[in-house]
Amino acid sequence: MKLSLMREFVTLANVQNFSRAAEELYIAQPALSRHIAALENELKTKLIDRSRNSFCTYRAGGRKHCILFRRYCWNMRC
């Protein structure tokens with residue numbers, strides 16, 4: 001798992017908007033969407049509800065994964 005994918009997910013979960021998250025991360029919005037999809041495939045679970053009218057993280061994509069990502073980051077000394 002790439003550290004950049006985890007950072008992108010945490011940023012997206014915090015701002016709850018793909019365009020704003022992409023802007024904060026200095027990447028294109030379609031690239032961010034592909035990265036999040038790749039992370040979901042790797043974890044074999046949906047993290048983000050991609051409906052047009054709202055944004056939310058699925059339960060699996062919420063606090064649990066943010067905590068796991070932070071632990072992973074700590075172990076990698078990021």
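Buried residues are those under 20% relative accessible area, exposed ones are over 50%, and partly exposed ones fall in between (1.4 Å probe, protein chains only). The model is predicted, so local features need pLDDT of at least 70 and side-chain atom pairs count only at pLDDT 80 or more, while totals for chains, interfaces and linings use all residues. Residues are numbered from 1 along each chain as its sequence is written, and side-chain values use heavy atoms, with hydrogens and water left out.

The chain holds four helices and two strands. Helices (H or I, at least four residues) and strands (E, at least two) are DSSP runs, numbered from the N terminus. From that terminus the order is α-α-α-β-β-α. Of the 78 residues, 33% count as buried. Contact means heavy atoms within 4.5 Å. Among contacts between residues at least 6 apart in sequence, 43% join residues at least 24 apart.

Helix packing was examined next. Axes are lines fitted to C-alpha atoms, for helices over the stretch in contact, and angles run from 0 to 180 degrees between N-to-C directions. Angles under 35 degrees count as roughly parallel, over 145 as roughly antiparallel, 65 to 115 as roughly perpendicular and the rest as oblique. Helix 1 (residues 3–15) and helix 2 (residues 18–25) have axes that come within 9 Å and cross at roughly 130 degrees. The two helices are therefore oblique to each other. Helix 1 contributes Arg7, Glu8, Thr11, Leu12 and Val15 to the contact, and helix 2 contributes Phe18, Arg20, Ala21, Glu24 and Leu25. By class, this contact has five nonpolar, one polar and four charged residues. Here Ala, Val, Leu, Ile, Met, Phe, Trp, Tyr, Cys and Pro count as nonpolar, Asp, Glu, Lys and Arg as charged, and the others, Gly among them, as polar.

Helix 2 also packs against helix 3 (residues 29–43), at an angle of about 100 degrees and with the axes 9 Å apart. This pair is therefore roughly perpendicular. Phe18, Ser19, Ala21, Ala22 and Leu25 of helix 2 meet Gln29, Leu32, Ser33 and Ile36 of helix 3. The contact has six nonpolar, three polar and no charged residues.

A nonpolar core is a set of buried Ala, Val, Leu, Ile, Met, Phe, Trp, Tyr and Cys residues joined through side-chain atoms within 4.5 Å. The largest such core has 15 residues. Those with the most contacts inside it are Phe9, Leu12, Phe18, Leu32, Ile36 and Ile48. Helix 1, helix 2 and helix 3 are the elements that give two or more residues to this core. Helix 1 gives the most, with six residues.

Glutamate 40 is a charged residue in helix 3. At 4% relative accessibility, glutamate 40 counts as buried. Leaving aside residues up to four places away in sequence, glutamate 40 touches Thr45, Lys46, Leu47, Ile48 and Arg50.

Two loop residues stand out by backbone angle. Most residues other than glycine have a negative phi. Glutamine 16, in the loop between helix 1 and helix 2, has a positive phi near 55 degrees. Its relative accessible area is 43%, so glutamine 16 is partly exposed. Tyrosine 26 lies in the loop between helix 2 and helix 3. The phi of tyrosine 26 is also positive, at about 60 degrees. With 77% relative accessibility, tyrosine 26 counts as exposed.
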